[in-house]
Amino acid sequence: MNSDDALRVLATMERIRHFEERVARLKLAGEVFGLIHVSVGQEGVAAGTCTQLRDDDAVYSGHRAHGHALAKGAPMNRVMAELMGRETGLCRGMGGSMHLVDVEHGFLGATGVVGGNVPMALGSALASRLRGEDSVAVVFFGDGAAQGGHVLETFNLASLWQLPLILVCENNGFAEFTPRSAHTVVERVSDAVAPYDFARETVDGNDVRAVWSSFGGFLERARTGEGPFLLECLTHRLSGHYVGDPAAYREALAADEWRKLDPIVRLRTSLIEDGTLDEAAADAIAAEAIAEVEAAETFGRDSAYPPESLTAEVAYA
Ligand SMILES: Cc1ncc(C[n+]2csc(CCOP(=O)(O)OP(=O)(O)O)c2C)c(N)n1
Ligand SMILES: [Mg+2]
């Protein structure tokens, strides 16, 4: 990761963090609709991977999808408008947080069906192979999703057909309110693909340089037709499972413990230490992200709700 890449990644993480913190406030104020899952603390995974991709690479996400969509290039104002149920939203306000799709930028979608995105990404990787393209498919899923039967079926077919698929597991140690130890004996999701002979790595997902470098290596190989790959990123969900979750099932991290993990603090500090940035320049990156979030909020609030007639237009019978 050169210094230009690092600055882009830092800006992406700041955009995701400030966007999601704002969305959480808007949800509690009743201005954002539906169940909202934020990825505060996990931004290093989205930023360290998606910023290396092209628009023709397919990305699939799950229920915790805002960061992946933004990092893949979805315009923030249209993501915000979607969460606010407005017609200018990515899906004309009909999808919301768990159904974000931006075909133009290759964000082929979020889903609330845990693990349901994994076989869909396999389909995109197969399409790329059949068309003779060098595009790749990337899917984000959690440690909870890793127990899904269809996820294991995808491991099998992806390896049998050697598809250009990069599976990125965000292992935050929890599936909803259930710790890993209560639902599996498999500590490392990367071990689950051992019988399928994937190239696989487990990295500190809060160290964005490590995420960037492992993912970049897999990406380079996938472009030349190799695959599949599994990148397991060990990370930490700072907030509750959903916005409003009191998270009584686990202890909150003390502020100093959190700063040691926070992927944004870590990259920012390292860039200041190596002289790439000074404090003022780092603050300016955060301020730019906040200004973009504010503009997106205004855009959403000023946009109209979809007309009732849209229901008839888009319903299949
Ligand atoms: C097929 C299916 N089963 C169960 C659920 C309920 N559910 C929503 S999120 C979640 C946990 C997912 O955990 P993980 O994959 O680790 O993702 P994380 O929330 O930690 O990001 C579950 C079980 C669902 N949405 N879909
Ligand atoms: Mg999890």
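Residues are numbered from 1 along each chain as its sequence is written, and chains are lettered from A and ligands numbered from 1 in the order in which they are written. Because the model is predicted, local features need pLDDT of at least 70 and side-chain atom pairs count only at pLDDT 80 or more, while totals for chains, interfaces and linings use all residues; side-chain values use heavy atoms, with hydrogens and water left out.

**Exercise 1. Describe how α2 packs against α8.**

Step 1. Locate the elements: α2 covers residues 43-50 and α8 covers residues 208-223. Helices (H or I, at least four residues) and strands (E, at least two) are DSSP runs, numbered from the N terminus.

Step 2. Take the axes, which are lines fitted to C-alpha atoms, for helices over the stretch in contact, with angles from 0 to 180 degrees between N-to-C directions. The two axes come within 8 Å and cross at roughly 40 degrees.

Step 3. Classify the angle. Under 35 degrees counts as roughly parallel, over 145 as roughly antiparallel, 65 to 115 as roughly perpendicular and the rest as oblique. α2 and α8 are therefore oblique to each other.

Step 4. Assign the hand. A crossing is left-handed if the near helix is turned anticlockwise from the far one by less than a right angle, and right-handed if clockwise. The crossing of α2 and α8 is right-handed.

Step 5. List the contact residues, contact meaning heavy atoms within 4.5 Å. Gly 44, Val 45, Gly 48 and Thr 49 come from α2, and Val 208, Val 211, Trp 212 and Phe 215 from α8.

Step 6. Sort them by class: Ala, Val, Leu, Ile, Met, Phe, Trp, Tyr, Cys and Pro count as nonpolar, Asp, Glu, Lys and Arg as charged, and the others, Gly among them, as polar. The contact of α2 with α8 has 5 nonpolar, 3 polar and no charged residues.

**Exercise 2. Which residues coordinate the magnesium ion (ligand 2)?**

Step 1. Donors are N, O and S atoms within 2.8 Å of the metal (3.2 Å for Na, K and Ca); water is not among the atoms, so sites may look incomplete.

Step 2. Asp 143 (OD), Asn 172 (OD1) and Phe 174 (O) coordinate the ion at 2.1 Å. Along the chain these donors follow the spacing D-x28-N-x1-F.

Step 3. Check burial, where buried means under 20% relative accessible area, exposed over 50% and partly exposed in between (1.4 Å probe, protein chains only). Asn 172 is buried at 11%, and Phe 174 is buried at 18%.

**Exercise 3. How many residues of α4 are buried, and what covers them?**

Step 1. Buried residues number 6 of the 8 in α4, so the helix is largely enclosed by the rest of the structure. They are Met 76, Val 79, Met 80, Ala 81, Glu 82 and Leu 83.

Step 2. The cover includes α1 (3-28), α3 (66-71) and α11 (279-302).

Step 3. Take Glu 82 as an example: its relative accessible area is 1%. Beyond four places in sequence, the residues that Glu 82 touches include Gly 89, Leu 90, Cys 91 and Arg 92.

**Exercise 4. Describe the surroundings of Phe 141.**

Step 1. Phe 141 lies in strand β3 (residues 137-142) and is buried, with a relative accessible area of 4%.

Step 2. Leaving out residues up to four places away in sequence, Phe 141 touches Val 118, Ala 146, Val 151, Leu 167, Val 168, Cys 169, Glu 170, Val 189 and Leu 230.

**Exercise 5. Where does the backbone of Arg 92, Gln 162 and Pro 228 lie?**

Step 1. Most residues other than glycine have a negative phi, and most peptide bonds are trans.

Step 2. Arg 92 has a positive phi of about 55 degrees and is found in the loop between α4 (76-83) and β2 (107-109). Arg 92 is partly exposed at 33%.

Step 3. Gln 162 has a positive phi near 50 degrees and lies in the loop between α6 (149-161) and β4 (165-171). Gln 162 is exposed at 51%.

Step 4. The peptide bond from Gly 227 to Pro 228 is cis, with omega near -5 degrees. Pro 228 is in the loop between α8 and β8 (229-234).
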